[in-house]
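Here is a friendly walk through the salt bridges of this protein model. Have a look at the sequence and the structure first, and then read on.

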Amino acid sequence: MSDSGAADAEDEAGEAAAAPPPYEPVRVVPTRPDGWPDWLGRRPISSADRDRIRKNLSADQEELDAAKRRDGLCLAPLFSSVTIEGFGGQGDPRKVARLRAAINAACRVAAGDRRTSYHATDERITIGIAGPDARERIAVLRRQLAKIGGSRGWTITEDLN
């Protein structure tokens, strides 16, 4: 290497050492009195304050629950039912099973997405539908039962609430 080449290499090394490094911000995290970092900039909460806040939150939640129960009772859905009696006169069990299946299908169609109840014995079936429009849905179900039952001698009674 020539003298001029060696001098150039030394100048480049000197410039590299003399150039300031790229700027990097330094983050200083404050510490709390207990020595832990204070990331949020707040004072630590005392256990008495924590208990007071928890008590207030639970009291507010109990008031909300009581109000929700009270409103729920006022807005409780009506529940209407229909009872079909007279299945005992049928001799063929397959025919009775088909009739019960048709009644169940009519109930599902009439109820839609409403809550239902179903109670069946050998002689009767009681179907209930809940909701603000339960009476109308029971009327639809009764019309469907009239089509299914026709002249079978069933006794159909309604309990509309």
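## Salt bridges in the predicted model

In this predicted model, aspartate 133 and arginine 114 form a salt bridge, with their closest N and O atoms 3.1 Å apart. A salt bridge here is a side-chain nitrogen of Lys or Arg within 4 Å of a carboxyl oxygen of Asp or Glu. This pair links distant parts of the chain, 19 residues apart: aspartate 133 lies in the loop between strand E3 (124-130) and helix H4 (134-149), and arginine 114 in the loop between helix H3 (93-111) and strand E2 (116-120). Helices (H or I, at least four residues) and strands (E, at least two) are DSSP runs, numbered from the N terminus.

Salt bridges with shared partners join Asp113, Arg114, Asp133 and Arg137 into one network. Arginine 114 also forms a salt bridge with aspartate 113.

How many salt bridges does a search of the whole structure find? The search finds 6, including these:

| Salt bridge | Closest N to O distance |
|---|---|
| Aspartate 133 and arginine 114 | 3.1 Å |
| Arginine 114 and aspartate 113 | 2.9 Å |

Arginine 52 and aspartate 49 are 3 residues apart in helix H2 (residues 47-74), so about one helical turn separates them.

As for accessibility, buried means under 20% relative accessible area, exposed over 50%, and partly exposed in between (1.4 Å probe, protein chains only). Aspartate 113 is exposed at 67%, while arginine 114 is partly exposed at 27%. Arginine 52, at 45%, is partly exposed, and aspartate 49, at 22%, is partly exposed too.

Residues are numbered from 1 along each chain as its sequence is written, and side-chain values use heavy atoms, leaving out hydrogens and water. Local features need pLDDT of at least 70 and side-chain atom pairs count only at pLDDT 80 or more, whereas totals for chains, interfaces and linings use all residues.
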